[in-house]
Every structure is written in C-alpha cells, then in structure tokens.
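Dear colleague,

I am handing over the structure below, and after it you will find my notes on what turned up. Please read them with the structure open beside you.

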Amino acid sequence: MRYNSLNGLRALGAFSIVAVHVLKMTYQPPFTGAFQYISIGEWAVEMFFIVSAFAMCCGYYQKIKNNSISINDFYSKRYKRILPFWIIMLLLGLASKPSFDYLLQFVIEAPLTFNLCFYPNISLLSVGWFLGMVFTFYIIFPFFVFLIWTKKRAWLTLGASLILSLTSSHYYDTIEAAGPLHIVGLSIIVFSPRFVIGGLLYLYKDKIIKFFESMTSNLQICTRIGLLCLILISFHLMTLHSFIVNAFNVLFVLYAISFVRYPILDNKITKIISDLSMEIYLSHMFIFRTLEKFNCIHLIDNYTLNYLVVFCLVFSGAFIFSYITKILVIPIFFKIPYVLNTTNKIDS
C-alpha cells in the first residue's frame, strides 16, 4: 500500500516552514490578518516528525520485526540519503563564517549524531536541529520498533513518552540556574510523542483504510468534509496550546492516510517538492541570507506584496539549489546518483 497523499503534506510542510521563516526574518511581530496564521507555520516541523515515523514504519517496521534487513543496509541507506547534502550545507556555513569554533562545530555536526550531545544546540546551520532530531530517531528505530511491537505496548509507550516529555520540559525550565539546560527543548525526549503517534497511525493504517472503504461514496464525502472542518478549527485555535498543534497534525495526517490516491495531494508537483522537502528545509535560510547580502529582501514598499515576492524568491531559490545539487553536485563528488522518487515509495 502506498500512501501517495503524504506527498502533499510534505510539500505543504515545506511551503509552510519557508513561509514562516521568511516572515519572521523579514518583519517583526505582532502579525495580523493572514500573517498571523503564517506565523504559526512551524506546526509543519512537528508534522514532519509524525510523517517520518509513519513512513519509516511503512518501509522497515516488518523488516525489523522479521529480521529481514541487515543493520548495515539500514544505516547505510540513511547516510547515503542524507549525508552528502548535509555536508555541502555545513561547508557553505563554514565558508560564510570561517573560524576555529565553527570548524569544531563542523566536526561535531557532520556525523549527524549531535542530538546525542548533552547540549545539542548548533549555530553553523541553525535549522539543522530538525535533521539531528530525525537522524537520532533513525539511530534508535530498531528500539522504537520494540516499543511499538504491539498496539497495547504502543499506547503504553505513548503515555510514557508524554509523561517524559512534559516532565523533562517542566524540570529543566524550573531548576535553579538552568543555564544552557533549556536546550533540552531540542532533545528527542521532548518530541518523542510525535514519533510514537506516527507509529500508532501506522499500526492502525489498515483499519483506517477499511473504515473509509466500508462507507458509501456520499458518507465518505461527508466524513472527509467533517475531518476538514476539524482541521480548520484546530488550525484556527493552534496558537492556544501545543496540544492543539498535535491534534491538528494528527487530523491532517489521518486525512492524508485515508486517501490512497488523491490528485490535490498527489501529483507531479507535490512529488517533486516532497522528494526535495528535506533539502529545501536545510537550504532555504542560506538562500535567504544570500538575497539579504544582495539587498533583495526589501524590494517593494507594500508590506504584503514585498513578502510574497521575497517568499517566492526564497522558495524557488531553495528548490533550484536543492535540485541542481542533487542531480549534478552529489553524483559527481559523492558518486551517488539522484533518482527521483517517481514510485513514491515512502520508506524515507
């Protein structure tokens, strides 16, 4: 079973993250009107955690349980997919800020294991914390499979992860002289419930599909409209509490899973953007800083129009940079050919 509509979520997530970063780097809050909703676009980061867990389970959950994949093959594929582009972005960051301290950061960050550090804050590539989080999830994925071996154990794991997440956040926020300990917010423990939710959605995926397929066409339409209404309501209320953010993401992913194929979420454009979503995420701030150096951030007096122009420049620049890097630079220097994910296999 291929859940092609997840392409649309990845594409929308990439748009959302670039949009909110461009907004916050270009203008100061408070944001009003449509900009208020754009400013909460970082919901997509947490959505990517859920989708990553779901996709990894689709590709490897049964293989890990059945011992039908070697550990070497599993981790080699992860590094081949991620490391080349990551190294290129770190080198660009080091070239823009050459110093001994940043060289040390390069050494620490290059293996993609920096989230295992006690102080996992990185400044060479600030948006890279997300990749460190996801790669740590890849590292512990066999243990993750153990934690969600059965549905009952998965629910117990979700409860335990919620307790650990809330307790860790509260403890390190309140202890005296916390200093750098506030960075626990970047720990995988804090975000672990999102990954477990993705695993639970995987475990119930067949029931979800069967539930929708058992309905009549009219009832399917009504149910999907109801889901969309819940998604819109939770999006409107998202700024109130992180619980609502997670509810929004779960509803959104559930909505996508319920469609085996849906043209709005699954088409050639969303496939290409989805396939490059990680690269777009890692490179868009580099593109923004480049435009900033050439005084291309404030081009038009009109606030709204200027934002739209800058957003289009940054997103299109990140897309072109990512695409060229993957089809030309990486195959030449790393000997890893770029194959567009036309089959839409979502094993990440």
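Phe 333 has its place in helix H15 (residues 303–334), helices being DSSP runs of H or I with at least four residues, numbered from the N terminus. Please keep in mind that this is a predicted model, in which local features need pLDDT of at least 70 and side-chain atom pairs count only at pLDDT 80 or more, while totals for chains, interfaces and linings use all residues. Residues are numbered from 1 along each chain as its sequence is written, and side-chain values use heavy atoms, with hydrogens and water left out.

Phe 333 counts as exposed because its relative accessibility is 65% (exposed means over 50% relative accessible area, buried under 20%, and partly exposed in between, with a 1.4 Å probe and protein chains only). Phe 333 is also one of the residues that make a nonpolar surface patch of about 750 Å², where a patch takes residues with over 30% relative accessible area and no salt bridge, nonpolar side chains (Val, Leu, Ile, Met, Phe, Trp, Tyr) being joined within 5 Å and like charges within 9 Å.

As for salt bridges (a side-chain nitrogen of Lys or Arg within 4 Å of a carboxyl oxygen of Asp or Glu), the structure holds six. In one of them, Glu 279 pairs with Lys 326, with the closest N and O atoms 3.3 Å apart; Glu 279 lies in helix H14 (residues 277–293) and Lys 326 in helix H15, so the pair ties together parts 47 residues apart in sequence.

Best regards

How values were computed. Accessible areas come from the Shrake-Rupley method with a 1.4 Å probe; for residues, only the protein chains shown count as cover. Helices (H or I, at least four residues) and strands (E, at least two) are DSSP runs, numbered from the N terminus.
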